[in-house]
Amino acid sequence: TRSIPLSKCRRRKLSICDSTESSEPSPIAPEAQVLVINTGGTIGMTLHDQVLAPKANAFFESLRKLPILHDEYYAQQSGLYDYYGSGNILVLPLSEQKKRIVYTIMEYSPLLDSSNMTTVDWGKIGRDIEENYENYDGFVILHGTDTMAYTASALSFMCEHLGKPIIVTGSQVPIYEMRNDGRANLLGALLIAGHFVIPEVCLYFYNNLYRGNRSTKVDAGSFKAFSSPNLAPLACVEVDITINWDTVWRANTTAKFHLSPEMNRNVGLLRLFPGITNATVKAFLQPPMEGVVLETYGSGNAPDNRPRLLAVLKKATNDGVIIINCTQCLRGTVSASYATGKVLMDAGLIAGGDMTPEAALSKLSYVLAKKDITLDAKKKMMARNLRGEMSGNLAGAKLCLSDSRFIQVIAKSLSISCKEELEAIRDALTPPLACAAAKIGDIEALEALKEMGSNLFLDDYDGRTPLHVAACEGHLKVVKYLLSHGATVYAKDRYGDTPLCNAVRFRHKEVVKLLRKTGAHFSRDKLEEAGNELCSLAVSGDMEGLEIWSLAGADLNQPGYNGQSAIIMAEAAGLLEMVAFLHQLKNKTVIGEDDD
Ligand code: ASN
């Protein structure tokens with residue numbers, strides 16, 4: 001799968017086809033690129049001998065005929081096919097947010113009923129995302145519903161320092177049927193992946209976007225097949241698409257996206273039931289078993305009157321098996337409130353909080369596959385919240401909007417007091433305030449805003465985030481602070497510019513290095529166009545400008561409009577010092593400073 005740049009002539013075509021009046025060119029609708037990986041599942045199944053099975057090579061063609069999922073007129077007029085050739089490329093009609101979602105379908109062979117999926121398939125999905133990470137704004141994974149929650153959980157752990165949305169979806173009825181849920185699920189997932197930088201592995205079903213590792217299949221016969229019992233949805237797609245930004249999980253990192261696809265298969269789920277024999281439990285815990293999720297009663301309880309059963313568990317944990325205590329209840333958390341729960345802690349079990357069994361199992365599989373850490377470190381990882389899969393102890397950390405003096409004064413002068421209105425004020429006022437604080441490099445003010453409950457990654461009326469502003473000003477410390485408090489390097493302002501574009505324009509070398517280290521990159525389109533800029537910088541002797549572009553990922557061999565590279569242009573102009581500099585720059589591997 002390739003991402004093809006929007007070349008000059010395609011831009012021209014676009015401006016013609018998006019223009020309403022020929023005399024006055026209208027602004028070109030921005031395009032977002034989404035990669036759809038079709039792994040199988042009911043969404044693409046048809047009936048064979050009275051049973052449903054995946055049908056290969058049919059999905060793309062059938063979507064192409066559906067106007068809600070593909071705008072053929074736009075595709076032709078904008079020259080989409082000239083670029084992508086025979087690639088499986090489609091484009092949604094213009095969205096309410098005035099954006100075009102261009103999506104490419106990668107179909108797996110064979111397509112799988114998700115009951116056939118294994119950890120190998122999870123790894124393949126992860127690797128395909130990794131390979132295409134820089135070419136797309138978001139990813140949609142089409143998947144069967146039966147094991148969807150396992151795959152979504154596993155991907156959430158495999159994808160370390162994730163910065164872009166990965167949305168797993170599918171359906172209960174094939175997309176080919178007259179009445180089905182597949183079209184709406186695919187459309188909703190595409191719109192969210194193309195419009196919002198939600199840096200999580202999510203699961204989208206029946207108008208709700210859930211955190212992948214919080215979701216579970218709860219209904220085999222309903223379109224509302226999934227639930228996220230311990231966490232409210234991240235987004236609801238109703239008349240409006242409402243994103244619950246306060247809930248969105250962020251990597252808070254200055255590290256790049258990294259895939260850890262290795263999974264340990266010596267793990268298992270064991271559900272307690274009254275009368276389970278010691279022999280059953282003992283047999284289950286035998287080598288090569290390395291990690292077990294024990295599904296206990298209520299808030300994490302097990303019989304405390306069966307010393308031999310408890311001794312079996314204790315022996316296993318002493319022998320190095322990691323056992324996680326999760327509840328059988330759909331909702332709620334394990335706690336140490338009963339004697340029948342305490343005995344399990346004494347036997348060396350680790351409390352799994354409110355993790356779903358799917359999340360706990362895939363987390364175990366991921367953690368146990370880590371080669372370079374001790375058993376003790378693995379146990380600590382299991383007890384810690386890694387990707388929002390378990391609720392932390394929020395005591396004392398609750399945000400209290402009405403405690404903020406600033407909000408109080410404004411609320412009073414506007415005579416409002418209800419929570420929703422206070423939140424609306426906060427959300428309207430704090431992004432520009434945070435941008436102003438970022439401009440003057442005031443981390444204390446940012447901290448105060450954060451304590452007031454505002455999200456430092458939200459954008460102002462121009463789509464500008466505090467990270468954009470700090471990048472313009474070259475405030476390295478503020479950039480670091482923001483990145484470790486939820487800011488995303490992939491935010492685009494109304495002009496389509498990212499913080500990296502801003503840092504390059506204002507030539508802040510250290511900021512460019514840090515943003516690159518965190519995974520920021522220019523689009524292929526932009527890098528292709530940079531050829532011209534590089535040539536003019538070379539000819540005008542601007543070494544600093546060239547260095548910045550090189551740090552930002554530009555290829556110094558990229559030709560400009562006349563087909564010549566910067567080096568050739570400098571040679572032709574007899575700028576020997578510049579030629580030497582460019583060669584030196586090309587050979588230099590730029591290593592960002594280690595500031596974690
Ligand atoms: N058996 C199907 C699967 O998981 C169920 C579905 O997708 N609705 O692949």
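Colleague: In which element is the place of P110?

Modeller: This is a predicted model, in which local features need pLDDT of at least 70, side-chain atom pairs count only at pLDDT 80 or more, and totals for chains, interfaces and linings use all residues. Residues are numbered from 1 along each chain as its sequence is written, and side-chain values use heavy atoms, with hydrogens and water left out. Strands are DSSP runs of E with at least two residues, and helices are runs of H or I with at least four residues, both numbered from the N terminus. P110 is joined to S109 by a cis peptide bond with omega about 0°. Its place is within residues 100–112, that is, strand 5.

Colleague: Where is P288 found?

Modeller: A cis peptide bond joins P288 to P287, with omega about 10°. Helix 8 covers 278–284 and strand 17 covers 291–296. P288 is found in the loop between helix 8 and strand 17.

Colleague: What is the phi of D49?

Modeller: D49 lies in the loop between strand 2 (45–48) and strand 3 (51–54). D49 is a residue other than glycine, yet its phi is positive, near 45°.

Colleague: Is Q50 buried or exposed?

Modeller: Q50 has its place in the loop between strand 2 and strand 3, and its phi is positive, about 70°, although Q50 is not a glycine. Buried means under 20% relative accessible area, exposed over 50%, and partly exposed in between (1.4 Å probe, protein chains only). Because its relative accessibility is 75%, Q50 counts as exposed.
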